[in-house]
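Subject: Handover of the structure and notes on it

Dear colleague,

Please find the structure below, together with the notes that I prepared on it.

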Amino acid sequence: MMTNIYKPYVMAIDSIRQETSDIKTFRLAFRDPAAQTDFRFKAGQFGVFSVFGQGEAPFGIANSPTRSEYIECSVKRVGKVTDALHELNEGDEVGFRGPYGRPFPIDQMEGRNLVFVGGGIGMAPLRSLLWNCLDRRDQFGDITVVYGARSVADLVYQQELQEWSARDDVEMVLTVDPGGEDERWSGEVGFVPTVLEKANPSPDNAMVITCGPPIMIKFVLVSLSKMGFAPEQIITTLEMKMKCGLGKCGRCNIGPAYVCKHGPVFSYEELMTLPEEY
Amino acid sequence: MVATVGLEVRSGVESRTSTEAAPPVQAQEWKPKIVAFLCNWCSYAGADLAGGSRTKYPANVRIIRLPCSARIDPKLVLKSLEKEGVDGVIVSGCHPGDCHYTEGNYYARRRMLMFRRLMEFLGIDGKRVQMSWVSASEGAKWADVVAQVTEEIKALGPLHPQETANAADHQ
Amino acid sequence: MQQITSRIQEEARRLLSEDLVDMVIGYEEGWDPSTTTPCVVRDEAQVSRLIFDERCVYNLARYLVGREGYLTSRFVPADKRPRVALVARPATLRTVSVLIQEHQFGREDLVILGIVDGTASAVKPDVEVGQIEPDDARREETRARVGELAQMSASERWAFWREEFSKCIRCYACRQVCPFCYCEECIAEENRPQWIGRSPLPRNNISWNAIRAFHLVGRCVDCGECERVCPVDIPLSLINVKMVEEVAAVFDYVAGVDVEAAPALATFQVDDTDDFVR
Amino acid sequence: MESRTLPKDRLDQLVDALIADYTVIAPKDERSYGEIESASEWRSDGDKPAQSLKQFFLPERELLVRYTKSRSGVELVEPPSPRSMARVILGARPCDVAALPVLDLVFQWDDEDSLYLERRESTAIIAMACDEPCTTCFCASLGGSPAGTEGADLLLTELDDAYHVAVVSERGRELVDRYSDLFEESSVEHERQRVQAQEASLAKLPRQVDIEGLDEVLEFENPVWETLTQQCLDCGICTFLCPTCHCFDIRDEGTPQQGERVRLWDACTFPSYTQAHAGQPRPVHYRRYRQRIMHKFRYYSENFGRTLCVGCGRCIEHCPVGIDLRQVLSQVRTG
């Protein structure tokens with residue numbers, strides 16, 4: 001008997017953290033403990049979260065598979081479903097379908113230097129992979145993180161940024177857009193691509209994982225090629241509109257790829273074969 | 001006092017699908033439910049006065065306050081009529097010439113007249129979409145309007161599934 | 001009809017060769033001999049594509065307006081919009097009058113190659129390229145059926161329309177083909193709040209067709225296209241013609257007859273009737 | 001292929017027998033197929049209806065899950081399995097029937113869509129060969145034919161005094177065995193009449209279009225897209241009436257306390273289809289129509305090995321502005 005692939009798990013909101021004025025991180029626990037124990041996912045996969053009565057929306061799973069006693073997602077308040085999510089309180093219930101999509105190629109990253117380049121809420125999928133690598137720190141080379149946002153108040157995961165900065169096995173480069181700094185800000189001031197070039201990580205035996213607003217990705221890619229990174233070394237995850245997450249509804253189809261099945265993680269080399277429709 | 005319902009129409013608010021038969025009307029006598037859109041400056045003040053001076057009038061009406069009768073867009077009336085429990089709508093504004101915004105009620109007058117004609121042509125009895133001029137001092141008139149409309153709609157019977165079943169609308 | 005075609009081609013050649021317009025919107029032969037299709041001729045050498053006969057029924061004024069309309073496109077700055085010549089059937093002439101009344105564009109913004117049939121229209125063609133018989137038969141038949149419906153009781157009409165609208169599959173062809181449905185974002189697309197239920201349930205279909213009909217009160221010129229294109233044959237013209245009759249009877253106003261007049265519901269008279277108001 | 005003969009005077013008996021045992025769906029009027037209660041309701045001679053068989057496997061509105069919120073939390077109820085209702089589709093045209101195996105590919109891909117597939121499993125299909133193809137039919141261009149058997153369990157071809165019954169699948173044989181008293185062995189004469197009837201209708205097919213190697217030729221950057229269908233109005237007719245277009249939207253309808261999550265037909269020609277907060281990758285018409293053609297005639301075959309079209313011609317017949325897909329496909333090739 002086939003299962004109804006559209007029926008969501010019911011999740012209870014375990015905790016809500018206000019990251020910025022319009023971004024919250026939700027920590028969700030399965031209502032059915034059995035579903036919790038045999039739930040597996042990989043860094044880079046996403047889920048389709050829903051508020052009953054308002055609808056569904058896809059978000060990357062923001063926590064690491066190595067800490068999977070819960071599911072976290074960071075949501076920016078922009079539309080109908082995200083609005084409804086932001087209205088919810090701890091203990092309320094939401095729907096979740098997943099995990100969907102192709103994860104980050106973490107096994108290809110073993111033994112290599114990793115450069116994380118994030119912008120704004122784009123840090124969410126990167127956070128999942130970063131914690132995953134830090135929990136298996138010895139299997140990776142140098143880890144550099146370049147993360148920026150419009151202003152200090154727009155930086156997400158503030159405690160974790162401090163925690164990562166305190167570690168000696170991670171090089172943290174934080175920046176805010178010009179004009180976004182405040183008097184206590186000690187990090188860089190400048191757009192992510194320029195700060196990335198200043199940090200100038202070496203392309204040798206390295207891979208870059210980047211996620212952020214399309215405008216940032218566009219210029220980051222330019223900087224990376226200037227710094228000698230080849231397209232197959234650059235991995236990104238697309239913010240394409242998805243709906244079913246199962247390759248059926250046709251909404252995320254670009255070229256021969258269904259972003260929800262063949263992605264959302266793509267190497268820049270793969271992206272270059274797809275039409276410019278994302 | 002006047003029970004007001006903020007115009008907070010939650011998106012996607014539609015109760016049960018109409019594909020299922022609605023549950024049978026409760027045993028005791030059916031009471032019509034009427035949504036009233038009142039302009040803030042005259043009619044709402046009038047309704048407030050009626051409430052303040054303890055004027056008795058049927059409680060079938062749910063009042064929604066809007067800045068002016070011209071702001072009462074037919075989509076609001078349509079959305080109200082779509083609701084499973086609603087049987088009629090009253091749109092009330094200032095008397096012509098008294099409009100706080102000078103000409104709002106003139107536009108509303110034309111608009112509601114045409115909307116009523118459209119509803120009638122689609123088969124919804126014109127008595128279910130009523131309009132009135134009620135000034136800030138006419139608390140008593142507001143009570144009469146509600147009473148009369150409630151009677152008329154009670155005569156028409158419920159607008160929703162039961163209505164098509166036993167066609168209470170008599171011409 | 002043949003000399004109307006040659007007149008159109010002659011005028012088009014003149015307009016294009018003397019660089020008076022950038023394009024001529026007209027009709028051309030379809031792949032299948034039984035059909036014609038709207039076309040845009042920009043090059044003088046192609047004027048021979050332009051034809052006119054009884055198969056050419058589309059209301060070409062639709063292409064002037066809307067988000068991608070040639071005279072109102074959101075993607076083309078106002079000073080770069082093309083100079084347009086339009087082949088106009090009688091209904092298209094009345095349509096252009098109403099669109100000018102509604103300040104979508106000025107009379108001087110287009111050259112009209114008009115086919116007239118004696119019905120009143122505020123806008124006169126720049127060049128009269130032919131005369132055809134007015135489609136009185138269709139009009140009479142519609143009026144007669146409106147009369148029949150008016151005789152029915154309210155609940156009989158309600159049953160009739162409920163049955164008709166339950167066929168609606170919400171393909172929105174009636175909206176897309178209507179020259180007066182030029183809103184950037186239609187109310188049917190709004191989802192915060194969701195005024196018109198998106199799914200094709202009878203009650204949502206009734207609201208959709210009711211609000212669409214209401215938005216045409218005092219504007220519709222009864223070109224008949226919405227009814228013609230409906231794939232499930234809902235008699236939409238009955239509603240439009242009924243409201244045209246009501247507007248004429250109550251406000252003594254007919255759309256498209258006087259370019260200076262304000263549309264019926266966009267104006268008022270102090271002594272408008274309010275016998276229906278308590 | 002195994003075959004039988006069904007005398008014309010026994011057709012109504014067969015229909016009544018089927019109605020007694022199954023839910024029977026057949027062409028009812030020129031608008032759509034529908035459930036029939038008696039043989040007389042089946043309009044067996046007319047053209048194919050405006051709507052295809054799609055709505056019986058991918059309904060225009062389909063319940064995915066019903067939610068109810070109570071004190072103990074949200075309770076989800078799934079719709080009953082469609083497997084429980086045994087159906088027979090009668091008198092379906094070969095193009096509509098051939099569309100179903102094409103649709104199966106996406107609904108079986110990786111995650112099996114039970115709502116669609118269980119309907120497919122519980123529905124037998126008796127196709128009726130076309131004797132009068134329309135001016136807009138181009139099934140032959142897509143490898144089909146007025147007497148195509150793909151996707152069918154039985155195929156009826158009208159002869160002078162009987163129907164030739166081609167037994168296409170195992171399920172078809174079960175049907176024939178179940179009502180064996182109505183069928184007779186096929187004779188050489190009937191076989192000859194069938195071949196002649198089918199060749200006659202094939203000859204009536206109008207001008208076809210060359211689809212051969214089209215998927216390699218379709219280029220995203222081809223400038224012809226920008227003016228190719230500038231007269232298109234972005235309505236939903238060609239996608240909704242198409243037997244192979246399957247894009248859908250998922251929405252919740254109801255109150256926060258109770259309601260339904262449903263699947264609704266959607267169209268890539270609608271601007272709202274890819275509208276997202278992050279941006280609108282297809283803001284203008286030609287980008288959307290290009291996606292429609294590229295997906296059907298290139299991307300779908302790259303992913304699933306089949307073209308997403310059966311040449312039924314509905315998008316041509318019902319286009320409000322007379323756009324002809326055959327013309328579009330030939331122009332985009334020459335480009």
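Leaving aside its neighbours within four places in sequence, which residues is D:C130 in contact with? Before the reply, two remarks on conventions are needed. This is a predicted model, in which local features need pLDDT of at least 70 and side-chain atom pairs count only at pLDDT 80 or more, while totals for chains, interfaces and linings use all residues. Residues are numbered from 1 along each chain as its sequence is written, and chains are lettered from A and ligands numbered from 1 in the order in which they are written.

**Chain D: the cysteine and strand β2**

Once those sequence neighbours are set aside, D:C130 is in contact with D:R93, D:P94, D:P146 and D:S201. Here two residues are in contact if their C-beta atoms, placed from the backbone, lie within 7 Å. D:C130 is found in the loop between β7 (123-128) and β8 (154-158) of chain D. Helices (H or I, at least four residues) and strands (E, at least two) are DSSP runs, numbered from the N terminus. D:C130 is buried, because 25 other C-beta atoms lie within 10 Å. A residue is called buried if 20 or more other C-beta atoms lie within 10 Å of its own, exposed if 12 or fewer, and partly exposed in between, with C-beta atoms placed from the backbone. From D:C130 to D:G91 the C-alpha to C-alpha distance is 9.9 Å, although the two are 39 residues apart in sequence.

Strand β2 (residues 23-27) of chain D is largely enclosed by the rest of the structure, because four of its five residues are buried. β2(D) is joined by three bridges to strand β6 (residues 87-92) of chain D, and the two run parallel; two strands pair if DSSP finds at least two bridges between them. Within that pairing, D:T23 stands opposite D:R87. Three bridges also join β2(D) to strand β3 (residues 33-35) of chain D, but these strands run antiparallel. There, D:G34 is the bridge partner of D:A26, and a hairpin links β2(D) to β3(D) through five residues.

**Domains of chains D and A**

The domain bounds come from an automatic or database domain assignment. Chain D is divided into domain 1 (3-59 + 82-203) and domain 2 (214-257 + 265-334). Taken over C-alpha atoms, the centres of these domains of chain D are separated by 28 Å. In chain D, 23 residues of domain 1 are in contact with 18 residues of domain 2. On the domain 1 side of this contact, the residues divide into 15 nonpolar, five polar and three charged. In this count, Ala, Val, Leu, Ile, Met, Phe, Trp, Tyr, Cys and Pro are nonpolar, Asp, Glu, Lys and Arg are charged, and the others, Gly among them, are polar.

For chain A, the assignment gives domain 1 (9-100) and domain 2 (106-237), with C-alpha centres 24 Å apart. Here 16 residues of domain 1 of chain A are in contact with 15 residues of domain 2 of chain A. β1 (9-20) and β5 (71-76) of chain A are the elements that give two or more residues to the domain 1 side. By class, that side has five nonpolar, eight polar and three charged residues.

**The sheet of chain A**

Seven strands of chain A form an open sheet of mixed pairing, in the order β10-β9-β8-β7-β11-β12-β15. Its edge strands are β10 (188-189) and β15 (265-267), each of which pairs on one side only. Two bridges join β9 (residues 171-176) to β10(A), and these strands run parallel; A:V176 stands opposite A:V189.

**Chains B and C**

Between these chains, 40 residues of chain B are in contact with 37 residues of chain C. On the chain B side, the elements that give two or more residues are α2 (74-82), α3 (104-122) and β4 (129-133). Of these, α3(B) gives the most, with 14 residues. The residues of that side divide into 17 nonpolar, nine polar and 14 charged.

In chain C, 12 of the 12 residues of α2(C) are buried. β3 (84-88) and β4 (110-116) of chain C are included in what covers them. Just after α2(C), C:H103 takes a positive phi of about 60°.

With kind regards
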